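Student: Could you take me slowly through one part of this model, the way its helices pack against each other? I would like to see how a careful description of such packing is built up.

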Amino acid sequence: MSAPTATPADAAPTDDRAATRQETVLVHAHDPVRRGELVELIRAAGWLPLVAGDADDVISILHHARTDLFLLAFAGADGDELETLSLVRADLEGADVPIVCLLDRPHRRITIEAFGRRADDVVVGRHHPSVLIARLRARIERPSVPRTRLAEDPVTGALTPDAFTAQLRKEHEHIARGGATGALAFVSFGELPMIATQHGSRGRDEVLAQVVKLIKADGRRLDFVGSQRDLVAILLPNTPMKGAQARFDRLVAKLYEAEFTLAGAPIRLTPLVGYAATAGDVSIDEIEDRAWDALRYQAGHIDLHPTAWVPAMSDGPRRSGAWFERVRTPLQVAAQQLAVLGFPLLAYYALDRVGVDVTGWVYLAIVVALAVTAAAILLECRAAVDPRRPPDAPPGPPPLASAIIAAYLPNEAPTIVETVEAFLTQDYPNLEIVLAYNSPT
């Protein structure tokens, strides 16, 4: 193994941060001349060069010295150094080290394979030293992090599912040791499916990023906002249920009153919140299931009131309700047949058993009813042939007409939209449409 090359005491670093700690760059090149050039370049930049002669030296140095960057120089077109790259990425100490590969001349296969083996950058050609140093510094100061190891989603700003689960597990362990309970909530919006359909996942993420920003600004520093089960999840540590209710009441009001932006246009959202207590004697999966059941219950009401989980949401209603939904249509058909055929037949049979014959009177009543119905149909047809015409409009512009459309609950949104669109298609030239909603704003 080649001894690590230390920086001389009189070497002047290029920035002030090196005065407290020097970044280390591990250099591996089969060509001694090329290796020496790179070592001098690294030393001149103010970094501490570590030199490895072969793959074993690389792994040994990674295990014994902290490395900020691995500089791997390729000697030719055979690409033997790719195996070293794979060994470093497979090693626990080298999994997160930024790796920059140097190629003397362009080679498509090696470049593609290097990136496929998780190299962070591939530099082709002998650039000016300042250009190479600038690219190495960019990798040292902004090392790449695999998406699976990110704590926050780079688009929405929420904790990733793995990171949020880790926080929930810590909270659960804290409660099991005697700590105060908290609350877990799932947040959804009735408009998200339509947004995803019209604008795709990018539009959905654009809206969720604004939602997460609002939730973080409204919460405490110890609260966690993440993504779980494709929903926005909120963890409130050390929070009693009354406190959680007050917190979510305020949050729902802010989410409902906020004006978000999608593709440059303002939109409004209808928040749905279901939450459950993070009890220590209940598993994490069961806590999530409870919050999910509360959210499902809230989705059936859409009354802008956060719903706390109660046992009936998971035990009775869900099972009995699902059973009733499966048999509701056959029961309706059977009840209808009993009403129009079974009960009259039983009545006729019972009357016949006591010696009363009502068939003649029933027949006469049916004939009269059919005759009246036929006469009414004839009168309606006659009126439709020559309908009464409205009077001619008075001279001058038509008077102002107002159509007031009342909206009571958020779950009436589709019907209200259809009604408004129907009024907008009217050809009356001076029509005012007023949509009245029972909101304090």
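Tutor: Helices α2 and α3 cross in a right-handed way, where right-handed means that the near helix is turned clockwise from the far one by less than a right angle, and left-handed means anticlockwise. This is a predicted model, in which local features need pLDDT of at least 70 and side-chain atom pairs count only at pLDDT 80 or more, while totals for chains, interfaces and linings use all residues. Residues are numbered from 1 along each chain as its sequence is written, and side-chain values use heavy atoms, with hydrogens and water left out. The helices (H or I, at least four residues) and strands (E, at least two) are DSSP runs, numbered from the N terminus.

The axes of α2 (residues 55-64) and α3 (residues 81-90) come within 10 Å and cross at roughly 25°; such axes are lines fitted to C-alpha atoms over the stretch in contact, with angles from 0 to 180 degrees between N-to-C directions. The two helices are therefore roughly parallel, a label for angles under 35 degrees, whereas over 145 is roughly antiparallel, 65 to 115 roughly perpendicular and the rest oblique. On the α2 side, A55, V58, I59 and L62 meet T84, L87 and V88 of α3, contact meaning heavy atoms within 4.5 Å. These residues comprise six nonpolar, one polar and no charged, where Ala, Val, Leu, Ile, Met, Phe, Trp, Tyr, Cys and Pro count as nonpolar, Asp, Glu, Lys and Arg as charged, and the others, Gly among them, as polar. An α-helix has 3.6 residues a turn, so residues three or four places apart point the same way.

A second pair can be set beside this one. The axes of α6 (residues 161-176) and α9 (residues 284-299) come within 11 Å and cross at roughly 110°, so α6 is roughly perpendicular to α9. Here L168, R169 and H172 of α6 touch I284, I287 and E288 of α9, and by class this contact has three nonpolar, one polar and two charged residues.

Within α6, the residues A163, F164, L168, E171, H172 and I175 are buried, that is, under 20% relative accessible area, with exposed over 50% and partly exposed in between (1.4 Å probe, protein chains only). Their cover includes α9 together with the strands β6 (183-189), β7 (224-228) and β8 (231-236). After α6 comes G178, with a positive phi near 110°.
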